[in-house]
Amino acid sequence: MTIQAVIIIFLIGGNFRRNVDDSKHLACSEQTWHGGNPAETMKGSCWCGSDAYCMCTPSLAIDLVITSGPDHLILVRRKDTNQLATMGGFVEVGESVENAVAREVFEETGITLSKEKKENLKLFGIYSDPRRDSRRHTASAVFVVDVPENIETRAGDDAKEVLRISIRDIGGNGETNFFSDHLVLIEDYKAAIQGESNTNIKRGESTKKGIIRSICGKFS
């Protein structure tokens, strides 16, 4: 991008995304961050505003524990890894996490959340450990919502299929092949609804001390 083009963008006051390698004239030196599991060093990118201030931050995402009946969860199987996962995705610029939940749940499962359900989403916790996602450092706001047992679903967006699975069949001798830290997330939820604290979850050698997360409290 030429200096003249940068000046034009500054004059119209637009926010724009630049590779940090090309941003030195904007007082943004080359940046690297350590993220993923296992840890890696990788070139990053920044968002730069019209005031020439650039910021490199973790990606903001949402995940949703969808309960369906007293002991079932609705999960998706991802197209890219063929692993089970909670429903979720990245928050778009200009979007609240609550609106991102409603958008993502419709895109991935075909479920439309009513206005009442959107207004009464329960925040379960914040999962922001840099080791939780091998792609990049991602911070996820995790919500809980309940849907009817007989609700109709359809797979869309990044989901290969939508599944209704008993909580008892997750972890232990059941399903354990989950994307990212989603098994940890579900085990945390299982412990929370039982009024317990989940302190023994391990996910590979690089996270043997447990990923860092903040859980809101007990769920019933």
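In this predicted model, glycine 110 follows helix α2 and has a positive phi, near 80 degrees.

Several residues of α2 are buried, namely Val97, Ala100, Val101, Ala102, Arg103, Glu104, Val105, Glu108 and Thr109. The cover over these buried residues includes the strands β6, β7, β9 (87-90), β11 (138-147) and β12 (159-166), together with helix α3 (115-119).

Arginine 154 belongs to the loop between β11 and β12. Leaving aside residues up to four places away in sequence, arginine 154 touches Phe106, Glu107, Glu108, Thr109, Gly110 and Val162. The C-alpha atom of arginine 154 lies 9.1 Å from that of glutamate 107, although the two residues are 47 residues apart along the chain. Arginine 154 has a relative accessible area of 39%, and it is therefore classed as partly exposed, since that class lies between the 20% limit for buried and the 50% limit for exposed.

β6 (59-68) and β7 (72-78) are the elements that give two or more residues to its lining. The lining consists of Leu64, Val65, Ile66, Leu73, Ile74, Leu75, Thr86 and Ile186. By residue class, this lining comprises seven nonpolar residues, one polar residue and no charged residue.

Methods
Residues numbered from 1 in each chain as written. Predicted model: local features only at pLDDT ≥ 70, side-chain atom pairs only at ≥ 80, totals over all residues. Heavy atoms only, no water. 1 Å grid on protein atoms, 1.4 Å probe; cavity = no way out; pocket = protein on both sides within 12 Å on 5 of 7 lines; lining within 4 Å. Helix = DSSP H or I, 4+ residues; strand = E, 2+ residues; numbered from the N terminus. Nonpolar A, V, L, I, M, F, W, Y, C, P; charged D, E, K, R; others polar. Buried < 20%, exposed > 50% of the residue type's maximum accessible area, 1.4 Å probe, protein only. Contact = heavy atoms within 4.5 Å.
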